Each structure stands twice: as C-alpha cells, then as structure tokens.
Amino acid sequence: GSDQNDGLLVREERSYESRRGSKHRGDLGNHLAPGASGVFATDNSTVVTAQTASTATLPCVVRKFGNGVVSWIRRKDYHLLTVGLATYSSDDRFLVEHIRHLQMWGLQIKYVQPRDAGWYECQVSTHPPTSIFVELRVIEATAELVGSPDLHIKSGSTLRLVCKLHQSTEAPVYVFWYHEEKMINYDKERGVSVHGDKSSSSLVIAEAQKSDSGNYSCVPSNAKPASINVHVLNARKQKFRIFTEGASFGDTLFVVLAFPSFSGEEDPSPLFRVIETPENTK
C-alpha cells in the first residue's frame with residue numbers, strides 16, 4: 001500500500017543520492033553498471049535524435065527488476081525526473097511512457113528544447129542499483145523557400161512557391177503561409193491552393209496579379225520559418241511601327257525597317273535596321 005510505496009521511494013532517493021555523490025565523471029556512454037546487461041533489454045549508449053518542439057521518447061526496457069523501481073535521472077545536473085510512474089520534476093514536459101507487457105519504462109519529453117540535449121540515466125533500484133545511459137540529440141529543423149530571396153514572374157502567370165523542410169524527424173502538424181501579415185492558406189477568392197507532405201509544402205496562385213507582389217512566409221509548426229519576396233511584373237506591351245522608307249544614293253538603295261519595341265514603355269522608340277541593296281534590284 002502507501003507505506004510500501006513510500007519505502008520504495010525512500011530507498012530510491014538514497015540510491016540516487018549515493019550515485020550523485022560518486023566521483024564518476026567519465027564517458028557515460030562507455031560506462032555500464034555490473035549486471036546491467038542482464039537487467040536491461042535496451043542497449044547502453046542508445047542515441048535518440050529529436051527535433052525542437054517535437055516529442056521524444058528515451059527507451060528503457062527492463063527484463064527483470066523484482067521489487068525494484070525504475071527511475072530516470074538527467075545526468076548533467078543530476079536532477080531526478082521520475083520515480084516509477086510518478087514525475088518527480090516540476091517540469092511537466094517529462095513523464096513516464098509505461099507499456100506493461102513489454103516492461104517499457106520510457107522517458108517521454110514533450111516540446112523538446114535544445115537545452116534538453118545530453119545524457120539521461122535509466123536506473124533500476126536493485127542491490128546495488130543498475131543503470132544504462134541514453135543520449136538525446138536535439139536538432140533544429142529549418143524551412144527553405146526555393147528561389148529565395150527574390151522571385152520575379154509576369155502578371156497573369158501561375159505563382160508557385162515550394163517550401164522544403166530540412167532536418168525534420170517528423171511531419172509538421174501544420175504549415176501556414178503568409179502574404180505579408182495575412183495567413184492565406186484558405187484564401188480561395190485569390191485562387192490560392194496549398195498542398196504538402198512530410199518534407200515540403202507548396203503554395204499555388206493560379207493567375208498572379210500585381211497585388212500579389214510582396215513578402216511570402218512559410219511557417220511550419222516545428223521548424224524555423226522561411227520567406228521570399230515576390231515581384232509580379234506587368235505584361236509588356238508590344239507596339240508596332242512597321243514601315244519602309246527608301247532613298248537612292250548613286251547605285252545603292254537604302255531601305256529602313258522599323259521593328260517592334262519591347263521596352264515596356266508607353267511610347268517606345270522604334271528599333272531600326274538599315275539594309276543596303278543594289279539599285280538594279282529595286
């Protein structure tokens with residue numbers, strides 16, 4: 001009952017304090033307590049990689065421990081995190097993931113932060129206490145907008161932005177797209193459509209207009225956002241001034257042809273080409 005649980009907790013605290021006061025400061029990954037291989041099914045020095053803001057589970061499968069208690073200790077500051085199924089930390093991101101039929105006593109860390117990286121000890125309060133060590137490595141996923149920092153397209157053409165996720169260990173819960181300060185994922189009036197998978201998201205505007213110019217941001221739920229500046233240019237007007245003028249000087253006829261200008265100005269200056277022809281071909 002309660003007295004038995006209290007007794008187990010007291011014994012666990014004593015064993016924890018004893019280990020905390022030890023002079024062991026070596027490479028935890030190479031340290032394995034005597035008899036640990038017969039107690040744990042999880043390999044010592046197991047490495048778990050998680051991205052920021054995700055949920056990480058550090059495994060600890062115990063083969064046998066009798067009346068012992070499984071605890072988790074954060075080694076960098078010797079902070080006791082859990083004892084049995086109870087969280088022994090004021091940080092409620094830590095909890096035990098217990099799967100009884102597998103004897104799994106994993107340490108679950110929600111909303112992983114860079115500061116969570118490091119070694120964790122799964123300890124069974126046998127006599128003497130037996131432990132294995134698990135390392136958590138934290139990476140930061142980032143978003144990249146293809147074509148950044150600037151993209152130029154013609155008015156009336158399709159605007160397609162592709163946001164790629166790098167170092168992502170799990171799919172984002174959402175990817176929000178912003179035009180300036182406005183979220184536009186569901187802006188059907190502008191012809192916006194958004195598609196995505198685990199590693200990318202794409203934004204499509206069917207017929208981009210001048211008003212679609214500006215800054216666009218891709219904001220995944222679990223990765224650093226990315227942005228791009230889009231410039232929608234007016235379609236260039238083509239004005240034709242096609243004419244010929246001939247002038248004869250001696251045996252040579254000069255023919256002047258004017259070709260269309262693509263300068264984009266309202267009243268473009270014509271481009272000229274001078275062709276010399278023999279007089280007898282006139």
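**Grounds for the terms used**

Author: We may begin with Glu180, which is partly exposed, with a relative accessible area of 42%. The model is a predicted one.

Reader: Why is Glu180 called partly exposed?

Author: The class lies between the limit for buried, under 20%, and that for exposed, over 50%. Glu180 has a relative accessible area of 42%, and is therefore partly exposed. Glu180 is located in the loop between strand 13 (175–179) and strand 14 (182–183). Glu180 is not a glycine, yet has a positive phi of about 55 degrees.

Reader: Tyr78 also has a positive phi. Is Tyr78 buried or exposed?

Author: The phi of Tyr78, which is not a glycine, is about 55 degrees. Tyr78 has a relative accessibility of 13%, and buried means under 20%, so Tyr78 counts as buried. The loop that holds Tyr78 runs between strand 3 (70–74) and strand 4.

Reader: What makes Asn222 a buried residue?

Author: Its relative accessibility is 6%, and the limit is under 20%, so Asn222 counts as buried. Asn222 sits in the loop between strand 17 (214–220) and strand 18 (226–233). Beyond its neighbours within four places in sequence, Asn222 has contacts that include Gln51, Ala141 and Pro172.

Reader: Why is Glu135 called buried?

Author: The relative accessible area of Glu135 is 18%, which is under 20%, and Glu135 is therefore buried. Glu135 belongs to strand 9 (residues 130–139). Residues up to four places away in sequence aside, Glu135 touches Thr46, Val47, Val48, Gly118 and Trp119.

Reader: How do you know that Glu135 and Arg137 make a polar contact?

Author: The contact joins their side chains at 3.4 Å, and the cut-off for such a pair of N or O atoms is within 3.5 Å.

Reader: What makes Tyr174 and Phe176 a stacked pair?

Author: A search of the whole structure finds one aromatic pair. Tyr174 and Phe176 form this pair, at 4.3 Å centre to centre and with 20 degrees between the planes.

Reader: Why is strand 16 described as largely enclosed?

Author: Five of the six residues of strand 16 (residues 200–205) are buried, so the rest of the structure largely encloses this strand. Strand 12 (residues 159–166) is joined to strand 16 by six bridges and runs antiparallel to it; Leu161 has Leu203 of strand 16 as its bridge partner. Strand 15 (residues 192–196) is also antiparallel to strand 16, over five bridges, with Val192 opposite Ile205. Strands 15 and 16 form a hairpin, with three residues between them.

Reader: What makes strand 1 and strand 5 edge strands?

Author: They belong to an open sheet of six strands, in the order 1-9-8-3-4-5 and with mixed pairing. Strand 1 (46–51) and strand 5 (86–87) each have a single partner strand, so one side of each lacks a neighbour in the sheet.

Reader: How do you know that strand 4 and strand 5 pair?

Author: Pairing requires at least two bridges, and two bridges join strand 4 (residues 79–83) to strand 5, in antiparallel sense. Within strand 5, Ala86 stands opposite Val83.

Definitions and conventions. Residues numbered from 1 in each chain as written. Predicted model: local features only at pLDDT ≥ 70, side-chain atom pairs only at ≥ 80, totals over all residues. Heavy atoms only, no water. Helix = DSSP H or I, 4+ residues; strand = E, 2+ residues; numbered from the N terminus. Buried < 20%, exposed > 50% of the residue type's maximum accessible area, 1.4 Å probe, protein only. Contact = heavy atoms within 4.5 Å. Phe/Tyr/Trp six-rings, centres within 6.5 Å; stacked < 30°, edge-to-face > 60°. Polar contact = N/O pair within 3.5 Å; in protein donor to acceptor, adjacent residues only side chain to side chain.
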